[in-house]
Amino acid sequence: MVLLVALACPAAGVAQSLQLQVESRDIYAELPFTLSLSAQGFAEEPQPDAPELAIEGATATYLGVTPNVSTRIQIVNGRRSESRDVAFIYRWRIETPAAGSYTVPPLTVTQGELSASSLAASFTAREIATTSDMIVRMDLPDRPIWVGETFDVGVEWLLRRDVGEQQFVVPLFDHEAVQVESPASGRERTLAFPAAAGQVELPILQDETVEAGVPYTRFRFPARITVTRPGPLELDPVIVAASLEAGTRRDRFGFATPAYELFRAEGERRRLVVRALPLDGRPSSFENAIGSGFSIDVQASRTVVQVGDPVDLSITIRGDGPLEGLSLPDLSGEDGLPPELFSVPDTTTVGIVDADGATKTFDVTVRVQSAEASEIPPLAFSYFDPESGRFATSRSRPIALSVAGSSLVGAADVTVAPAAAESTLQSAADAVPGATPASGGLASLTGADMSLSAPGRTLREAWLLDELIPVLALLYALPLLLVAGRVWVVRTGTRRGRTRELRDALRRVDETLASDLPLREAAPGVVSAMRALARLANRDAALAGSVLERLETRAFDPVAADRPLDPELADEVRALARRWVDDDRDRGSAPSGIAAALVIGLLALASAFAYAQSSPSNLEAALAQARDTYQAALAEDDRVRRTRLFSEAERQFGELAGRRSDAPELLTDWGNAALGAQDLGRAVLAYRRALDVAPTHERARTNLDWLRDRAPAWLPRPVEQGALDSLFFWHHSLSLAERHLIGALAFALGVLLIAPWSARRTRVLRRAAVPLLIVWIAATGSALLARGDARAAVVLSDATVLRSADSLGAPPTLANPLPAGAELGILESREAWTRIALSDGTRGWVASSAIEAVDRQGPAP
């Protein structure tokens, strides 16, 4: 075969070019080959679109494009030059149905303003002779198959002569809706077959057989096929072209070697019917399992648990069918785990197929939600059996559980605070025996302080840092301004006395100049006053050659001496005196900058006090309604209604907390309502916020410790005080606002003691300021370090998976999901994901919607 290739450039001087080539040495009819188009001289970006290729009488299938970028570096005479060559290789699969000549039409590749076209090219496909020494056929099932069913097929090749190179065309393998899988174990010989998804290595099975009385050597290539689309498949014949031995020939050294000649063989056209799966009778636990003999086995990591504890389930699926894409049915569905007894992660579980491909194992962590759970019930796994054409269901064996748990909460479980004893309306005799939790969480609240705050103290606010900004600004700015003013007074005392002397000297000059005496008598007084002013203004050197010499000269003039002082000369003397005074005042005007600083500081204080917060509206009516709902929940005997009332009270207290986020008693009441509603995440969040504004709040501390004691043993507990924290006890006993206020007070007193109030007492006062400044450094440093830590947060959603990356597909960091109420620190936020750290240093990513920061104002959404 000869392929004529034409290169074309659209215009002179343009480097773009196209080149056609084939990847086969020869081209034969009915055997596909690959045609490539190389486009050179184009930019690397953007990638040009593939041209449309249509060859008359042949079939062209586009296979894709491959960019090819090469870099060349040249160094000539010490000068380095670099160039990049970019080529885009487009490939098509060409099939010719008969021998003959075919024409490739002109092709054009365009990239923006760049373009290149090729001329038409031609090729010839040759005919291949047939022979009876070779037979090929394909074995298909003799029944209709089901979509998604995996079934066995085989390509059989019978030979009577030795064979060299060969090429197979299997239309079934090339179909876009067909998946081809090799049953090869890796130990036998294989042969590569082209398929739609790429080459597949099929094992070679060899034996001897007889066809129509003629002996043949038979090669069989088994494959496993899955069709993903229903409908009939009309399959063209299987074709094989092979070089068969046809005598001998002499090589260039004169030795006899086998001679080969190319022959072809083709099978018969086949039809394969693919049915859609039936809709009638499809069970809810069916996902995508198709095959026969499937079974499900469930193993539990432990069987003695408490309510809220996680249980790891290992679910193993076995069966005669494909396992790679097999999915686990919804465990919270109709034939799964009851949602009122177990919580199941809402993420997709990815199973692992074992080495021999016989089983697939899924690891799932569920959480016990109620003490009523007595077993892990049988789990259903449904599959479609293609042999019978029906759905079948396999079930696992039940696993007995021992769950510790008792009643939810009655008056006997409530610890009454002395300050609010009147808030408990139920006695121990009213407790409901046998009550169980309404949802996941705690089976009993015995030991928790479920009392409400005294009505008069609920809305009482604690100090918040934002509200102290004007006070802190005053405590820092006012002492500095006072000290600056005192320093200015001390440093400018001498200067201000000298200014008074200059004013007096200038007044004496004016008085002598205003005298009506003759010049002979008035001149000595004027000269004396000017000399005194010059000494004060440091202008002694300016007396020589000044107007005073003319004044003295006129005083000795016999004619002018008897006359009064000339007004023009007096004005010159007066102007000179005033200039000396003004120049001296300019040289000493630097202290006015301190006065400007005082004015600016006062303006800053005024602007700080402009940060005012509006007084909250009257919340008494909403508070009374929330307290009534809470009391009704305590008095309710029905478990479901009690839980609903606690949930309503939690909502009402949460709304109030959103408007009064600085009231620790209100935040603790909100936490108690959430605890009664079994919402452990919001309960921990409310108690943490209460302790954030009032670190020594007794009820919040008691209930938070109570909840932490009932957390799973594997969950690290936050460590709030170590050896260093015990030394600096105020770090946890004082709120952030209180530490800032103490630091500001110590700073104000220390700075005031440093000021130069008295020369005799300055040293004593400065020594007394040292302890105050140490207190300022300790208190303020403690507050600033606390704000620099990772933001504290609480998990709100139960069974939150801690992942190793910000993706649902990332593997879990912990074997168990985080329960609601788990405490952590926020390290980084990225849209829907947040990177967190547990107290033991474990780090990972969780969904941002599953956690809530402690320092956020108001209730969690």
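Modeller: Ala, Val, Leu, Ile, Met, Phe, Trp, Tyr, Cys and Pro count as nonpolar, Asp, Glu, Lys and Arg as charged, and the others, Gly among them, as polar. By this rule the lining of the second largest pocket divides into 18 nonpolar, 11 polar and 9 charged residues. The model is predicted: local features need pLDDT of at least 70 and side-chain atom pairs count only at pLDDT 80 or more, whereas totals for chains, interfaces and linings use all residues. Residues are numbered from 1 along each chain as its sequence is written, and side-chain values use heavy atoms, with hydrogens and water left out.

Biologist: What makes a set of grid points a pocket and not a cavity?

Modeller: On a 1 Å grid over the protein atoms alone, a cavity is a set of points where a 1.4 Å probe fits but cannot get out, while a pocket is an open set with protein on both sides within 12 Å along at least five of seven lines. The second largest pocket has a volume of about 1100 Å³, a volume being the space filled by probe spheres set on the points, which are joined across faces, edges and corners.

Biologist: Which residues lie nearest the centre of the second largest pocket?

Modeller: Of its 38 lining residues, Pro32, Arg93, Glu95, Val169 and Asp174 lie nearest the centre; a lining residue has an atom within 4 Å of a point. Elements that give two or more residues to this lining include β3 (59-76), β4 (79-95), β13 (163-169) and β19 (231-235). Such helices (H or I, at least four residues) and strands (E, at least two) are DSSP runs, numbered from the N terminus.

Biologist: What joins β3 to β4?

Modeller: They are joined by 17 bridges and run antiparallel; two strands count as paired if DSSP finds at least two bridges between them, so β3 and β4 meet the rule. Gln74 stands opposite Ser81 in β4. The two strands form a hairpin with 2 residues between them, and Asn77 in the turn has a positive phi of about 55°.

Biologist: How many bridges join β13 to β20?

Modeller: There are 5, and these strands run antiparallel; Val163 has Leu244 in β20 as its bridge partner. A further 10 bridges join β20 (residues 239-250) to β21 (residues 256-266), again in antiparallel fashion, with Ile239 opposite Glu266. β20 and β21 form a hairpin with 5 residues between them, where Gly254 in the turn has a positive phi of about 90°.

Biologist: Why is the contact of Glu234 and Arg271 called a salt bridge?

Modeller: The term requires a side-chain nitrogen of Lys or Arg within 4 Å of a carboxyl oxygen of Asp or Glu; this pair has N to O at 2.5 Å and therefore qualifies. Glu234 lies in β19 and Arg271 in β22 (residues 270-275), so the pair ties together parts that are 37 residues apart in sequence. The two residues also stand opposite each other, and 5 bridges join β19 to β22, which run antiparallel. These strands belong to an open sheet of 3 strands in the order β11-β22-β19, with mixed pairing. Its edge strands, β11 (145-146) and β19, each pair on one side only.

Biologist: What ties the loop of Asp133 to the loop of Arg161?

Modeller: Their side chains meet in a salt bridge at 2.9 Å, N to O. Asp133 is in the loop between β9 and β10 and Arg161 in the loop between β12 and β13, so the pair ties together parts that are 28 residues apart in sequence. The whole structure holds 33 salt bridges.

Biologist: How do you know that Asp133 is buried?

Modeller: Buried means under 20% relative accessible area, exposed over 50%, and partly exposed in between (1.4 Å probe, protein chains only). Asp133 has 14% and is therefore buried, whereas Arg161, at 24%, is partly exposed. Another salt bridge joins Arg264 and Glu266, with closest N and O atoms 2.7 Å apart; Arg264 is buried at 8%, and Glu266 is partly exposed at 39%. Both Glu234 and Arg271 are exposed.

Biologist: What makes α10 largely enclosed by the rest of the structure?

Modeller: Of its 13 residues, 13 are buried, so the rest of the structure largely encloses α10. The helix (residues 664-676) reaches 18 Å from its first C-alpha to its last, close to the 18 Å expected, the expected span being 1.5 Å times one less than the number of residues. Just after α10, Gln678 takes a positive phi of about 65°.
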